[in-house]
Structures are given as structure tokens and as C-alpha cells.
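I set out below what I looked up in this model, entry by entry.

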Amino acid sequence: MKITIDEKIYDIDIEDTNTPLLWVLRDNLNLTGTKFGCGVGQCGACTVLVDGEAIRACSTAISSLENKKITTIETTEDKTVQKLQKFWIQEDVVQCGYCQSGQIMNAAGLLKANPKPSDSEILSSMNGNICRCGTYNKIKTAIKAARAEV
């Protein structure tokens, strides 16, 4: 099976095509920037983009992703992700950092779908990405800064 991740084509040999994308990324391809959180698609730590739309990698079967473009936090090509990373650093968002790759990827999906979201649209879109450190205000500030440049 061939899949495209961060502009690179991978030919993966996997027996169980119901394997979640998260495990293919982490175990088969050693792309560990995408994190395992709850394992049931509830916390958002594993968020990646598929054709520009945020999805949970822990609950998405690899079989559903053939001929789709997958973007992870490890991308060096996606300008929206790079801008968000810049403002994440500028706003000093990260505390423990565990959920932040999923937060950034969910924010990237938001800005791709809606480049100028309102404050309430940011809150609504980011609802479901859980941060145990409570950095939600800094996350919102970073997204608002990024939206000015997207």
C-alpha cells in the first residue's frame, strides 16, 4: 500500500489494513511527532491533516487513506503548520508539550478551512483538543496571531 505523508510517498507492507494511522506513523515509519493520547479519538493529541482536514490518527484505519495527502507535525512543506509553530514559540504556549502537536495540527485544519476565524470559531474548532496544562488562552492567542499571516 502506498501512502503520502508530508509530501513523501511511502510503500508500506501491513497485514491488518484496519491498523490506525497513528501506529503506522509511529511504529512502521518512525514518525513520532504525532502523539498517542486516549486511543479513542477524544483528546486530539494524535491529530493530523488528511487532504487539509484535521482527523484523529488513532481512530482512522490506514486502509481509508490510500491516495490521500497526510500532513503531520513533522512536515517541512506546509506553510500554515510552520506559521503556527512560529507563533506557538512566540507566545510561549508549550508547558509539558505532549498535546501540542495535535493542537497545532487541529489549528492548521481550522485555518485551512477558515483563514480568518472569529474568536468563537477558534474556541469551537479547538474544543475537543485537551491540554492538561491548561494552555488554552495561549493557544487561542497564537492562533489569532497566525490568522493575521495566513
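**Entry 1: a loop glycine**

I located Gly44 in the loop between helix 1 (21–28) and strand 3. Helices here are DSSP runs of H or I with at least four residues, strands are runs of E with at least two, and both are numbered from the N terminus. I note that this is a predicted model, in which local features need pLDDT of at least 70 and side-chain atom pairs count only at pLDDT 80 or more, while totals for chains, interfaces and linings use all residues. Residues are numbered from 1 along each chain as its sequence is written, and side-chain values use heavy atoms, with hydrogens and water left out.

Is Gly44 buried or exposed? Gly44 has 1% relative accessibility and therefore counts as buried; buried means under 20% relative accessible area, exposed over 50%, and partly exposed in between, with a 1.4 Å probe and protein chains only. I then listed which residues Gly44 touches, leaving out those up to four places away in sequence: Arg56, Gly102, Gly128 and Asn129. Contact means heavy atoms within 4.5 Å. I also checked Gly44 against Asn106: the two are 62 residues apart along the chain, and their C-alpha atoms are separated by 7.9 Å.

I traced an open sheet of 5 strands in the order 2-1-5-3-4, with mixed pairing. Strand 2 (8–11) and strand 4 stand at the edges with a single partner strand each, so one side of each has no neighbour in the sheet. From one strand to the next the twist averages 40°. Two strands count as paired if DSSP finds at least two bridges between them.

Helix 3 (residues 100–113) packs on this sheet and touches strand 3, strand 4 and strand 5; its direction makes about 35° with that of strand 3. For such angles, axes are lines fitted to C-alpha atoms, for helices over the stretch in contact, and values run from 0 to 180 degrees between N-to-C directions.

Strand 3 pairs with strand 4 (residues 53–56) in the antiparallel sense over 4 bridges. Within this pairing, Thr47 has Arg56 as its bridge partner. The two strands form a hairpin with 2 residues between them, and Asp51 in the turn has a positive phi of about 50°.

**Entry 4**

Strand 1 (residues 2–5) and strand 2 run antiparallel, joined by 4 bridges. Lys2 stands opposite Asp11, and Thr4 has Ile9 as its bridge partner. This hairpin has 2 residues between the strands, and Asp6 takes a positive phi near 50°, although Asp6 is not a glycine. With 14% relative accessibility, Asp6 counts as buried.

I set Asn67 beside it. Asn67 lies in the loop between strand 4 and strand 5 and has a positive phi near 70°. At 77% relative accessibility, Asn67 counts as exposed.

**Entry 2: the pockets**

I looked up the largest pocket, which holds about 180 Å³ of space. A pocket is an open set of points on a 1 Å grid over the protein atoms alone, where a 1.4 Å probe fits, with protein on both sides within 12 Å along at least five of seven lines; lining residues have an atom within 4 Å of a point. Grid points are joined across faces, edges and corners, and the volume is the space filled by probe spheres set on the points.

The lining of the largest pocket includes Cys43, Cys96, Cys99, Cys131 and Cys133. Its residues divide into 8 nonpolar, 1 polar and 1 charged. Here Ala, Val, Leu, Ile, Met, Phe, Trp, Tyr, Cys and Pro count as nonpolar, Asp, Glu, Lys and Arg as charged, and the others, Gly among them, as polar.

The second largest pocket holds about 150 Å³, and its lining divides into 6 nonpolar, 5 polar and 1 charged. Which helix supplies the largest share of that lining? Helix 5 does, with 5 residues. Helix 4 (119–126) and helix 5 (136–147) each supply at least two. Among the lining residues I noted Gln103, Met126, Tyr136 and Lys140.
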